[in-house]
Each structure stands twice: as structure tokens, then as C-alpha cells.
Amino acid sequence: VATAYYSGYNDFAVAAIASTPDVPKLANHIGGPQLEKLRMFIRGDLFDGWTTREAKGVIRWVRIETFEIEPSGDVLLTVCRSSNLEAYEAATGREKNPSPFIPNRFIERMHQENGVWKWWGREWIDTGGESDFSDCALP
């Protein structure tokens, strides 16, 4: 389950950086509502003239804190993660959100589809109530 989650996020990062929301590989480890949400995110940025890159000197990290199996068989992962992806305006190089990279905590839903675990959904659960605050500790 954890490997499928890591792979799904890596597939998303590759698709975002390449500006290819409809690349079939994105569906290898991501499915359901999460797949459409991530594709819409990439399309929205492209429509607005933004593209994605890895920020220089910023390390992407993730820590899975808990696993919970639901009666449906889905697995909920409580995850603390920090991204190193940043959106920038392709024409000027201007950053979309020039702020420090702050870790956030999520509940990530994993669902098995045709025997393959896929990242199926995400709920942001940080206690701060704002996207610029998290009680996640650095790894």
C-alpha cells in the first residue's frame, strides 16, 4: 500500500513537471476521484499559464504516521509530507506562491482496483486550519 502511494505521488510529480495531465501512466497508481482531481489541478495551472518544476535546494519528503483498514477494505494513511514542487509562470519565471515549503498532514485513501492499490482520495487534516500552518515535524 505504501509503495503504491509513493509511486502515485511520484507519477503525479512527473506529469505536473512535464505538463501532461492525461498521460496514461498517471492512472497506474492513482484512481477514482483523486486521479481526476490531480488532472484538473495540472490542467488549471496550464490554462492559467503556469507550469511546474522542482524547487532548487528543497527536499521532498513524506512520513506515513498511521495505517487504518476500513470495513470496505480501503486503507487510510495518515501522512505528513512536504513537497518540492513549485508552480511558475512559463513566460516570466515568476513563482505562483513564493513562500517557504511547509509540511502538511493528510488522510490519504488507498483503494484496490482490479488487484492494484491506487491513491484514491485526500483529506487535509492539519490542526491549524490554514494551508500555511502544520504541526508536522520535519523528518
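A: What follows goes through the sheet strand by strand, then the helices, and then some single residues.

The model is predicted, and local features are therefore reported at pLDDT of at least 70, side-chain atom pairs count only at pLDDT 80 or more, and totals for chains, interfaces and linings use all residues. Residues are numbered from 1 along each chain as its sequence is written, and side-chain values use heavy atoms, with hydrogens and water left out.

The sheet is open and consists of 4 strands in the order β2-β3-β5-β6, with antiparallel pairing. Because β2 (61-69) and β6 stand at its edges with a single partner strand each, one side of each of these two strands has no neighbour in the sheet. Neighbouring strands of this sheet are turned against each other by 30 degrees on average, direction ignored. Strands here are DSSP runs of E with at least two residues, helices are DSSP runs of H or I with at least four residues, and both are numbered from the N terminus. Two strands count as paired if DSSP finds at least two bridges between them. In general, strands of a sheet pair through backbone hydrogen bonds, either parallel or antiparallel.

The antiparallel pairing of β3 with β5 runs over 7 bridges, where Cys80 has Arg105 in β5 as its bridge partner. β5 and β6, which run antiparallel, are joined by 8 bridges; Glu108 stands opposite Arg122 in β6, and Arg109 stands opposite Gly121 in β6.

The hairpin of β5 and β6 has 2 residues between the strands, and Asn114 there takes a positive phi near 55 degrees, a positive value in a residue other than glycine. Asn114, in the loop between β5 and β6, is exposed, with a relative accessible area of 78%. For such labels, buried means under 20% relative accessible area, exposed means over 50%, and partly exposed lies in between, with a 1.4 Å probe and protein chains only.

Helix α1 (residues 2-18) lies across β2, β3, β5 (104-113) and β6, and runs at about 135 degrees to β2. The axes behind such angles are lines fitted to C-alpha atoms, for helices over the stretch in contact, and the angles run from 0 to 180 degrees between N-to-C directions. Ala4 has its place in helix α1 and counts as buried because its relative accessibility is 10%. Leaving aside neighbours within four places in sequence, Ala4 is in contact with His29, Met110 and Trp117, where contact means heavy atoms within 4.5 Å. The C-alpha atoms of Ala4 and Met110 are separated by 8.4 Å, although these residues are 106 residues apart along the chain.

Two packed helices are described by the angle between their axes and the distance between the axes. For α1 and helix α2 (residues 32-47), the packing angle is about 20 degrees and the axes are 10 Å apart. That makes α1 roughly parallel to α2, in a scheme where angles under 35 degrees count as roughly parallel, over 145 as roughly antiparallel, 65 to 115 as roughly perpendicular and the rest as oblique. In this contact, Phe12, Ala15 and Ala16 in α1 meet Leu38, Phe41 and Ile42 in α2. The residues of the contact divide into 6 nonpolar, no polar and no charged, where Ala, Val, Leu, Ile, Met, Phe, Trp, Tyr, Cys and Pro count as nonpolar, Asp, Glu, Lys and Arg as charged, and the others, Gly among them, as polar.

In the loop between α1 and α2 lies Ser19, which has a positive phi of about 55 degrees although it is not a glycine. With a relative accessibility of 24%, Ser19 counts as partly exposed.

Not counting residues up to four places away in sequence, Lys118 touches Ala27, Asn28, His29, Ile30, Gly31, Arg109, Met110, His111 and Glu113.
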